[in-house]
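Morning, everyone. I have one structure to walk through today. Please have the sequence and the model on your screens.

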Amino acid sequence: MGRIFTRFKGKILDFGGGYGLLVRMLRDFGLDAYWTDPYSKNLFSKGFDGSLENSFECLISFEVLEHLLEPDTHFQNILIEQSPRFYIFSTESYGEKIPPQNWWYFSFLTGQHISFYNQKTFSYIARKYNYHSYSINQSFHLFSKEKLNIKLIKFLVERSDIFYNYAKINYDSLTWSDHDKMMKSLENKIK
């Protein structure tokens, strides 16, 4: 197991991070994660705002891509300007054919889902920006600068109950250091 788990020391940016809950959870686990979202307020990870103007080794976007009006502009900003080692994202992908109009993910009544992808789309985008494309399942995807063992990744994701405790010993929670940082910030405001 020791060869599988090497401590990830890079900075992570949650692009489209909503209220910041995932960033808080990643930091509590021990990962150096930051938040950005132009459409939401950071409630749970205050003090750990990030920006695409900074450099990050890993970017994550959960349930963001289907909301993009201009996906290619997004991928240019993320994959060329940021050039992260990994881009991890979720969006529901469809098969080889365009789904019927009653596909639940279209969500016509809300008008929120406006961009849709399949495996060919992901492969095209990854190749265009010199990445490798991997899908763990229909919803969970990864672009990587390097080739990865997708079977191992799928196993680790699907059976996280097996390796979570082992992985956890490689990280020290940032909860207390974050608490100290926030307390110092508040003390400075009072002075």
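Start with Phe 15. Its opposite number in β2 is Thr 36. Keep in mind that this is a predicted model. The strands here are β1, residues 12-15, and β2, and they pair in the parallel sense. Four bridges join β1 and β2.

Now the whole sheet. What is the strand order? It runs β2-β1-β3-β4-β8-β7. That makes six strands in an open sheet, with mixed pairing. Which strands stand at the edges? They are β2, at 33-36, and β7, at 132-135. Each has a single partner strand, so one side of each lacks a neighbour in the sheet. From one strand to the next, the twist averages 20°.

Next, the helices. Helix α1 covers residues 21-29 and packs on the sheet.

Helix α2 spans residues 71-82. It lies across β1, β3, β4 at 86-90 and β8 at 140-144. Relative to β4, α2 runs at about 155°.

Is His 74 buried or exposed? Its relative accessibility is 6%, so His 74 counts as buried; the cut-off for buried is under 20%. What is it in contact with? Set aside neighbours within four places in sequence, and His 74 is in contact with Phe 15, Leu 65, Leu 68 and Tyr 87. That brings us back to Phe 15, which stands opposite Thr 36 and is in contact with His 74.

Definitions and conventions:
Residues numbered from 1 in each chain as written. Predicted model: local features only at pLDDT ≥ 70, side-chain atom pairs only at ≥ 80, totals over all residues. Heavy atoms only, no water. Pairing = 2+ DSSP bridges. Helix = DSSP H or I, 4+ residues; strand = E, 2+ residues; numbered from the N terminus. Axes fitted to C-alpha atoms, helices over the stretch in contact; angles between N-to-C directions. Contact = heavy atoms within 4.5 Å. Buried < 20%, exposed > 50% of the residue type's maximum accessible area, 1.4 Å probe, protein only.
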